[in-house]
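Morning, everyone. Please have the viewer open while I talk.

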Amino acid sequence: MTVKTITAGSTELNAAHKLAAESLPSIVVDNVSKFYGDVLGVNRISFSLGAGITGLVGPNGAGKSTLMNLIAGLMRPNSGTLKVLGLTPAQPEVFFRQIGYCTQYDSFPSGVTGRQFIQNTLLLHGYTKPSAARATLKALQQVDLVDVADRRIGGYSKGMRQRIKLAQAICHEPKVIILDEPLNGLDPMARTQVIALFRELASGGASIIISSHILHEVELIADHLVMVNSGYLVADGDASGIATETGEPMRIYIRSHHAMEMAPKMFTIEDVLEVQIHKDDHGLFILTRNADKFFLGFNTLVLTQNWQVDAIGPADQTVEAIYRHLIAGEQVAS
Amino acid sequence: MNISNISTNSNASNEPSVKAGNNNAALLLRQLGAIVRIEINNTLFSKRSLIAYILTLIPIILLLSLAFRNGDFTSTDFSIDKTRRIFGFIYSGFILGAVVFLGSAAIFTALFRGEILGCSMHYYLLSPVRRELIVLGKFLAGLLSAWALFGLTTLICYLLLYIPFGMTQLISDMTASIAPAQMFTYLGITMLGCLGYGSLFMATGLIFRNPLFPVAIIAGWEFIHFVLPPALKFFSVIHYLKGLLPIPLNNSPLAIVVTPPSVLVSILSITVLALCSITITVLYLKRLEIRYTEN
């Protein structure tokens, strides 16, 4: 598909571009390998991502940062291709306008204040001074650092440095945001704020990739998962889909005052392994090998039995369970 | 998918507009201006500028101490002509050979290596700026800083010559055009030296993890240039610079003497060297991958 000549101010063409962007994956990784001499970084990785938040999960040395550096154009693959919104880093003046990358490196240009750091980034993007000042203020407000903006970054706490890096990554309103361990060093309040910011950016149509070691945070934030281990792609999809594919049993919690009535009928649904009743008799814990089949079967039962369901959702940390199954298990085996 | 032309300013009127293959000049100039400003700040107003400042001050302090140490300025052995000749030696041996050379090494190798060692190079590489523009911006910033520091040193040192001879001599030489002609020739040589050495050291700073070794090798090559055979002299920056000196200097007994290149040849040769070095730097930067742990 070719999208040609989209110019500023052309509503129809901008709409066409938006439509094209929405219907196509933002990031396409096709059979990508990266080696550091004889050492494997990542090997033959392929996936594609659209808008929303993707969690990149894997143990230390799995290849998460390599993969992020490759997508962000800081490294070139030995083989395979990577495209972000159809662009490659060979066109830096266009490519890097679409990308914001908060790296793992806790380093900054020497002697700059938080405001100068963001402003310089925007000036490099080609913003005029007044518009750079406005966009800087907006980015600082988004990460709640306006009060300390004129202090040197050297005097910032770890959490503040993490947030100023985040502001630098989002200040130019990129369509693809890559965040390497963005929650490191943040206190619980800041984490909550930053997670809310990620959701806001994703709801605005941005594609966000977040790597984290903290699995329950990934679970909380991500709509989609990419799991890597020892340089290989282990799983790619939404958590329940991966769980189903891997055969890892999933625990589901149902809240209903029909719980006691529901319990025996749950075993009529295929792949249900276990049913537990909540101590208040108004809830059920279902252990199933196939979440999709369970939800389908359960919906049918709800309609035929005329049950009222107050809430339904995963009962345990699904990502952690999948991680244990796919990665920790493999490491123990090896 | 081929997105041949993208505009990012559909929503915000102040955002920069980019058209692939047809970058608008205003945007490029703004980006170049931003790089030059950031880099001049780093070069002149940060810790890494200390070496350049010290080198700038050394010849000034040295000439000041010499001017006030010798008391018998009325001696017939001590004339302004002889002093100008001595200055020629000091300039070519010390200001050009040490201050401009080492100062350029300090300023220009740090343009890229300083960023890589400080783990901040990725901020440049993640910016939507053509790599050619990053190199050009950094080089211009280094060049302007070097010209400011070492050009000023050259001018001050030349004027310090006149301390023993007083204002009358200075005014007389200035009006007779002897002093301005010599002073601006020295200044021109300094600027040309910064251009040649600077471009070479910028490339060195990007290509080599430890630029000290290549700088030492270049220093050695420049130091022995006078004994090099004529064919090899052409690969020495100092050969072109010394040919421009306003006062012919005595050659060492070991020197292999060749006709000094003309002013035009000297300027062209150093400009070609600078263009080659900048091109190599651009090509290298385009291939650069960030792995700070290796550095």
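Predicted model: local features only at pLDDT ≥ 70, side-chain atom pairs only at ≥ 80, totals over all residues.

Residues are numbered from 1 along each chain as its sequence is written, while chains are lettered from A and ligands numbered from 1 in the order in which they are written.

Now the cores. A nonpolar core is a set of buried Ala, Val, Leu, Ile, Met, Phe, Trp, Tyr and Cys residues joined through C-beta atoms within 7 Å. Buried means 20 or more other C-beta atoms within 10 Å of a residue's own; exposed means 12 or fewer; partly exposed is in between. The largest core has 132 residues, and Ile210(A) is among the members that touch the most others. Helix 3 (residues 80-117) of chain B gives this core its largest share, 15 residues. A second, separate core of 12 residues includes Met266(A) and Leu284(A).

Next, Val228(A). It sits in strand 9 (residues 224-229) of chain A. Helices (H or I, at least four residues) and strands (E, at least two) are DSSP runs, numbered from the N terminus. Why is Val228(A) buried? Because 25 other C-beta atoms lie within 10 Å. Val57(A) is 171 residues away in sequence, yet 6.3 Å from Val228(A), C-alpha to C-alpha.

Last, chain B: 11 helices and one strand. Buried residues make up 36% of its 295.
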